[in-house]
Amino acid sequence: MVSGTLFHCRKNSWPPQEYIPKNTLQLFDFDSAAPPEQAWRRKLNSNANLLKEFSITFREAIKMVRLGVRLWSYVRQEASHGRKAPIDPFTRGICKPSASQGVPLGGMGSGSISRGFRGEFRQWQIIPGVCDGSPVMANQFSIFISRDGGSKNYASVLAPGQHEGLGKAGDQGISSWGWNLGGQHSTYHALFPRAWTVYDGEPDPELKISCRQISPFIPHNYRDSSLPTAVFVYTLVNTGKERAKVSLLFTWANSIGGTSHLSGDHVNEPFIGEDGVSGVLLHHKTAKGSPPVTFGIAACETQNVSVSVLPSFGLSEGSTVTAKEMWDKMVQDGQFDHENFNSGPCMSSSPGETLCAAVSATAWVEPHGKCTVAFGLSWSSPKVKFLKGSSYPRRYTKFYGTSERAAQDLVHDALTNYKRWEEEIENWQNPILKDENLPEWYKFTLFNELYFLVAGGTVWIDSPSPETNIKKNQSQLINGEYLDNKATEPKVNGKQGGVVEDATGCHRSAILDLQKHYEDAGRFLYLEGVEYIMWNTYDVHFYASFALLELFPKIELNIQRDFAKAVLSEDGRKVKFLAEGNWGIRKVRGAVPHDLGTHDPWNEMNAYNIHDTSKWKDLNPKFVLQVYRDFAATGDMSFGVDVWPAVRAAMVYMEQFDRDNDGLIENDGFPDQTYDAWTVHGVSAYCGCLWLAALQAAAAMAIQLGDKNFAEWCKTKYLKAKPAFEEKLWNGSYFNYDSGSSSNSKSIQADQLAGQWYTASSGLPSLFDDVKIQSALQKIYDFNVMKVKGGRMGAVNGMHPDGRVDESCMQSREIWTGVTYGVAATMILAGKEKEAFTTAEGIFIAGWSEEGYGYGFQTPEGWTMDGHFRSLIYMRPLSIWSMQWALSMPKAILEAPKANIMDRIHISSISSRSSHSETVK
């Protein structure tokens, strides 16, 4: 909750001893039971305050009224077809957002479930593009404790707080359970992909409990990181003088969130597996034709731990076994009847009935003794089905098949492999965590921002058949029909390792068998945000992609391959653009798409329809910059050959926006870039800098691929564009927002050096002399950062040179979290590390700290000066990994030749006089 200390102090350390007594920590000093030295921490009785959403000003509302009317009409039109519009500001979920999130469960791309820091399972995203934030309160861990002599007995759900209807007379549902945990002595510690909850004498003063939550998010492991499963390891320490019988209970509703548990035809069945793993499978028949889901809940039986199950119980009085009867059984016996394992599948649930299951693990803990109990959870939904009909097998089915019983194998393997997972996670994280040069807040926030790769609606599929790939590679969609592209296979120049001309005189990609790349890593989608339902939004991926390149580079390269194919395609179906009400076609050949779609990704791109993004000025340069960075970092020549035709096409496409033949692209007087409410006139610092960087990157790539003519074309453009850019925008201190004459043309844009950020991140020579770079960054730091609450909120997007925030539009006055991280990375690359960490720390203070606004594990796109959010759980903040990239760039980039790329390109007298069409052939 926000306190008055937010803007008055900075905290440098959050040791576990501040939250847990030292003697309790010492008791857990084995088997990873103790929380780590660096983690995001909360007490379980912390107030999960409701979050405040931004609002637009009256002036902004007047400007946007026509857009609002058209958007409202479009949202209703989509709803009439049973679809959700990708952007819908008019519909809000039942569950109001609050500061209650924690580390999500599972690997990437197989549907996700988040878990709040107080223990509730929430934020359900099993069906692609659908997110239900409401917790399913029947999903709980509970504990039952009795001691020799019977004088001390405890029974409690291991989650604090009141539950609706608690104490209601005669209630047969979960309100009848023991909600006795206060939470004042219990703490949560998050270091993604793990989390620890320590119960220090709650509910039993003589029993210390640690629950360790583990998910298989393991960099460079393209198998286990796709698995929909998680493990909960309970460590029990008895500090009393009497032996304690401890039963832990895991209850789970047959539900995928919302009201799905009431749809009927759900079935539960018990199982006894190998290696002592036993539990219950919950088969969920998903409504509206979506693929079914099977959950597995289980515990691992050992010499000291016995496992029992109750395959089915209900939440209402008419149930065969009610929630109250289940609870009373545990209070009395501490376990269920062993015969329950032989009960077979239960009767299908009726509509309106909630079907639940329970797994109990019981152990005796000797005085001053310790015990470990492990529970597992899995969810198996083998097929992804999008609303417009396309279905794909999820990535994990490559290893587990498509049977509904895969949930049993998944939960078994989780319980038998989690120690190996933890070892791999620690080997990855420890070098950063032990780096004494890094601020503590940065270390754990760096890892915790990765939550989005699980909770950001990710979809990871196994590859389609090679025939499907080739067919789509050779086709483009025009006016709703596929037409042959007639691509021909180029020859590769063996001497230079480059692409040479094909029989038509044009550089074309080989009709490569991309199957090997997709088999290696599959195909990957993630949402722009849970409120902006568009897959792989490219202008935002530009910021977020550093995380994937660093941790899962094969996924990153495959995303770029998908966009490279998209660049060369065209979709002639008509689309109405809502900002102006004009019509255009869905996808123009040569233009990088804004996104890969919503309801039929890969096949129906550009779900975004506010503006015609074929006229945006940042998408194509961003594609070229990302491709070159990835190419330089990985040294993957086959990737370079594969995407090169799209790089050329993307660059040539931009020529139309050079209105005065000065080599620069000009903006067109509307918000034609990622700041899609912030109008730009003429040459802009943001898009112009990106264009300069793209010219240099394309030239560098052309040299390495042996495309001399195109390298010369890029150099010719660059030599004209760079002086024109500096002449039109450099004012002696920073680059003006744009070259127009509007009231904000001289604004200081935080993101003005985005092109230089990528140039430096890719090992290319700086775009500008160091004096200009240092001056611009210092101006951003002094004004956009430090003049906003003393640097404790991040970098505001726009600031007037007189120190007033640029309020020309909604976005100019916002602080964008991902942009702030990117600006900090640019500062690191320019040798301004102190300023960089101060800049980025503002995002931590305002968003993640205990004194902040409560945006932990739901970092929004941005917030206003008063901390009100816009678009929670957003992709762009993954750009914190660009800071780590700047701190530890890969060897291939560090050792790249530092000679100026443009100096290596000789412009022939013929090509310098040639027309464009002659030069690029």
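Author: In what follows, helices (DSSP runs of H or I, at least four residues) and strands (DSSP runs of E, at least two residues) are numbered from the N terminus. With that convention, F857 is placed in the loop between helix 20 and strand 32 (862-863). The model is predicted, so local features need pLDDT of at least 70 and side-chain atom pairs count only at pLDDT 80 or more, while totals for chains, interfaces and linings use all residues. Residues are numbered from 1 along each chain as its sequence is written, and side-chain values use heavy atoms, with hydrogens and water left out.

Reader: What kind of peptide bond joins F192 and P193?

Author: The bond between F192 and P193 is cis, with omega about 10°. Most peptide bonds are trans. P193 belongs to the loop between strand 6 and strand 7 (194-200). A cis bond also joins E202 and P203, where omega is about 0°; P203 is in the loop between strand 7 and strand 8 (207-214).

Reader: How do you know how the radius of gyration of the chain stands against that of a compact globule?

Author: The radius is taken over C-alpha atoms, and the globule rule is 2.2 Å times the number of residues to the power 0.38. For 921 residues a compact globule would have a radius near 29 Å; the chain has 28 Å, which agrees. Along the principal axes, the C-alpha atoms fill a box of roughly 100 × 60 × 55 Å. The chain has 24 helices and 33 strands, and 63% of its 921 residues are buried.

Reader: What makes helix 7 largely enclosed by the rest of the structure?

Author: Nine of the nine residues of helix 7 (residues 440-448) are buried, so this helix is largely enclosed. Among the buried residues are W441, F444 and F447. The elements against which the buried residues of helix 7 pack include strand 1 (40-43), helix 6 (406-433) and helix 19 (817-829). Contact means heavy atoms within 4.5 Å.

Reader: How do you know whether G369 is buried or exposed?

Author: The relative accessibility of G369 is 15%, so G369 counts as buried. G369 sits in the loop between strand 15 (355-365) and strand 16 (370-380). Leaving out residues up to four places away in sequence, G369 touches L236, V237 and N238. G369 and T239 are 130 residues apart in sequence, yet their C-alpha atoms are 7.5 Å apart in space.

Reader: What makes helix 14 and helix 15 oblique to each other?

Author: Axes are lines fitted to C-alpha atoms, for helices over the stretch in contact, and angles run from 0 to 180 degrees between N-to-C directions. The axes of helix 14 (residues 637-653) and helix 15 (residues 685-704) come within 11 Å and cross at roughly 135°. Angles under 35 degrees count as roughly parallel, over 145 as roughly antiparallel, 65 to 115 as roughly perpendicular and the rest as oblique. Helix 14 and helix 15 are therefore oblique. Residues including W644 and V647 in helix 14 meet residues including W691 and L695 in helix 15. By class, this contact has 11 nonpolar, two polar and no charged residues. Nonpolar covers Ala, Val, Leu, Ile, Met, Phe, Trp, Tyr, Cys and Pro; charged covers Asp, Glu, Lys and Arg; the others, Gly among them, are polar.

Note on methods
Buried means under 20% relative accessible area, exposed over 50%, partly exposed in between (1.4 Å probe, protein chains only).
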